[in-house]
Amino acid sequence: SSCSLVRNARELPGMLRVSVACPRWPPVPARHAHVALLHALLALLWTAQGAIPLNRPVTIQQNGWCFDHQWSSDPDRLILYLCSGGQNQHFVWHQEDSWGFAHLVSVQDDRCVGIDDIDLDADGIPAEQAPISFKKCSTTDKLIEWRYRHGEQQIESVKFPGSCMDFSDTHDFFILYQCKDDIGHDEAKNQRVRFVDDVASPIHAGVPVQIQHFKGGLFDMWSGSCLDQSLDTGAKDPLTLYKCQQGAPNQLFVWTSSSALRSSNDSLPLLTSSLDGRCVAAAKAEVGAGLLLRPCGEGDETLARWRYSHGVQQLQLKDFPYLCFGALREGSPEVGVVGCALDPEPHFEVLSSGRKPVLEHVPLEVKQGDWCLEHKFDEKPEKLVLKKCTELANQEFVWRSGANGSHHLVSNFNDRCLGIRDEDTDKHTHEPREHSPIAFQTCNWSDKLQQLVYALGPEQLRLHVWPHLCMQFDENEGLFTVARCTIEGRGFFGGGGRDVQILRFAEESRAEAIAPGLPATIRVGQFWHRNCLERAAAGDSVITVECDKDGVIDQQFDWLGRADWHFNMVRSLVDDKCLAARRHEVGAPVSLGSCNYTNLHVRWLYSHARGFLKLAEWPELCVDLPALTAAVGSHSSGTAVLANCSYDKERDSENHELAVVDEECEFRTQGLQSIKEDEPLSIQQNGFCLDQPFDESHVTLFGCNMQNNQKFVWVGAPSALDDYHLLISHIDNRCIGVGDGDADDKGKPYRNAPIVFKECSDRDLLIRWVYSYGRKQLQMAEWLYLCMEYDDAKRIFAVQSCAIPDGSRGGRWLERKQALTFEGVAPDAGAAAQRRHGASRRRSAAKAAGGGGDAADEMEEAYSDGFVEGPAAVAVHRGVPVALLPSALSALALAGFVLVALRRQGWGRAAGYSSSAREDEGETLEGFLAA
């Protein structure tokens, strides 16, 4: 009786489309239990928003319908229509590195979505309900600049803040209208949009493509030809059109970024040769100018910045969008700069090569033809040869990222790197001499003679500093040597050659990569059956004990890494300290300490083949549990130390693949998922949900009703170098944080300061958060010892000292009012009745000492000073399930849920309660759901 059917404006012949509109779930008395049940059922239909793919075609949806460029109307309009997958329903969210805005570009005709100048009044203000139009894109036109409001999923005008794209039921097209806040009746539903990444695009960072000219004049013999780089280094025109040859390396080009930090966002203005990495550039910004290849970063950057227009299939100069890449004369293979509006227009199609970037940090086979690269370890010196594939560890190699875009190729057998010996280089230039053998050496991540790059186009391994030198198999010597790079028998940089330089990495690894940031146990010992690495109670030492079937937090670690690291760190989830060796020598203790990645003793590598956990900078040293052999079947062993990595010849006398019992490790994750970014999620605490009241600004708890004021969006920092997230409201786009008036003169929040909703700002340190996976806490990114905690008396969240586990074994969470569980992280609803730790708790060291202040900060910083500098792990946790109503829950379970819920003291905001009472109540509810 509280709900109503609302007819949608957009219908098809013979079909009536309606939605159900209901008010906010009020406190539910028993007589209205059916209303609660209806809300629960409706909530199962919610589809959430994913992260926005930048600079490539996507579809944009609202209430199940698609944005549609209605080109048949005059003027063109942006409407909603049945999703068909047509090109006029594809749009590009175009954003450059330096922009504080984005353009929404129609793939249909490459025009931008915006407000027409004729719809402005004399003061430059849009008319009421001004229609959304399509207009020529320009970086100077403020009327086509938009931003995305992550919390409410609205597209807002940058020029007119507070005005959003709004689908008008009256006009049946999009207009500019006041951005709506949700006050309990889903008022913003016709402004909320979802970006759906469902349009295939061949353009991805670092992946080679062919560029085909396919629509010239009627008698254009070069129509259907591909952009081709001449293999003659003295050619007058290095770029021409030539007959397409599938996989030809001199016809493969790579889109890349001028900023390494943004390459993952597909802001890819540079088009580079897959042969030599040089950039395609225009000689001048004028019609008739030729194209040339030059080192990237040299000369006028605006002449080397390109943009591919997917709809009209044109390659445009980004900074001169009226100038395009094209054939200079009909019937000629010459290419250069032409006008984009020529008739016929210069059309080029970007075609996928089917090749993929090399997987990093996992063991892979590397083949030449049908033969595998093999580490010949039983000869002195060790050699790199070709042998019949055997799937053994000495035929697997790990592609590890290094400095300045380089990589190292590391043997999975003994973690030694491929490189060139110093004695095989020129005395003066230090350049390797041709025909020098490829050697296995102790990895030195700054050694230029070990730094490699893989050219995906010609499929060659090249020296990073000397890209004209490649690895080549010498059939006479039977091993790999250094040689001048060549392409299919035709001289490239001079000389001739065959396929002895072509190397192909396997696209999949037989080993499972360790998921970074996800909680894992580290099984140790023979066959990893029974024992786990554990942080010893009341200390920083590391021991092995029998694995706990419930996964106590003392046995939980995460594997921290960054794309530009050649190593990882192993972090305890108890208090975020990292595994560290005291010294790099045999017998040195291995314990837990500060996670400072500049400390070489916290850098680790994992050998997938044998299970070694070894120091990255001293890979001959491995973690060793000296008493483990005697401890198999017992409760615990001795503490961890460093030992020389050794093989168990009795177990593996022929292949020498496995570590000895007391050095063998295996990482096992818990099946959890990362917190999804840019997606509205519920967050629970003790069976209640984080809630944004419509009548106040504080963050509180309320009975879970799955409405929009209980949805929040986890948004990453704008820079990849910043390790924090914002938590944004789904109803008014404000951020969760601490008010400016509740901080001292240094900007640090006071304890007990209320958590509120405030305007988001990239510069505001009081709205930055990180998530502690082990303790399930939201910590302030700048003050990691301060956490969000629910205040029973005030019935709001406030800032408090982070509780850390006490000294007893079992890793008990010390404050349930700090534990927060994000939706979608637990692997399944069956984990709902997961391990509940005992009730023995004490507060953090600072609170036990009597409260806050500088002394308290010093004590708390003792555990938090070890957090990794720079990007840390993905935000996940391992604990309680996040949704009490899984999508497949039966009607009986739903009814039971309502009955249990009605036994509480009303469904209003969480009232004060004793820990013991809520503990019992939680057990009852979880027990019921588990049953």
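**A cavity and an open sheet**

Visitor: What volume does the second largest cavity of this predicted model have?
Guide: A cavity is a set of points on a 1 Å grid over the protein atoms alone where a 1.4 Å probe fits but cannot get out. Points are joined across faces, edges and corners, and the volume is the space filled by probe spheres set on them. For the second largest cavity it is about 230 Å³.

Visitor: Which element gives the largest share of the lining of the second largest cavity?
Guide: Residues are numbered from 1 along each chain, and side-chain values use heavy atoms, without hydrogens and water. The model is predicted: local features need pLDDT of at least 70, side-chain atom pairs 80 or more, while totals for chains, interfaces and linings use all residues. The lining (residues with an atom within 4 Å of a point) has 21 residues, with Arg-307 and Tyr-308 among those nearest the centre. Of the strands (DSSP E runs of at least two residues, numbered from the N terminus), β6, β7 and β22 give two or more residues each, and the largest share, four residues, comes from β22.

Visitor: Which strands stand at the edges of the open four-stranded sheet?
Guide: The order is β30-β29-β28-β39, with antiparallel pairing (at least two DSSP bridges between two strands). Each edge strand has a single partner, so one side is left without a neighbour in the sheet; these strands are β30 and β39.

Visitor: Which residue of β39 is the bridge partner of Val-366?
Guide: Strands β28 (residues 366-368) and β39 pair in the antiparallel sense over two bridges. In β39, the partner of Val-366 is Phe-505.

Methods: On a 1 Å grid over the protein atoms alone, a cavity is a set of points where a 1.4 Å probe fits but cannot get out, and a pocket is an open set with protein on both sides within 12 Å along at least five of seven lines; lining residues have an atom within 4 Å of a point.
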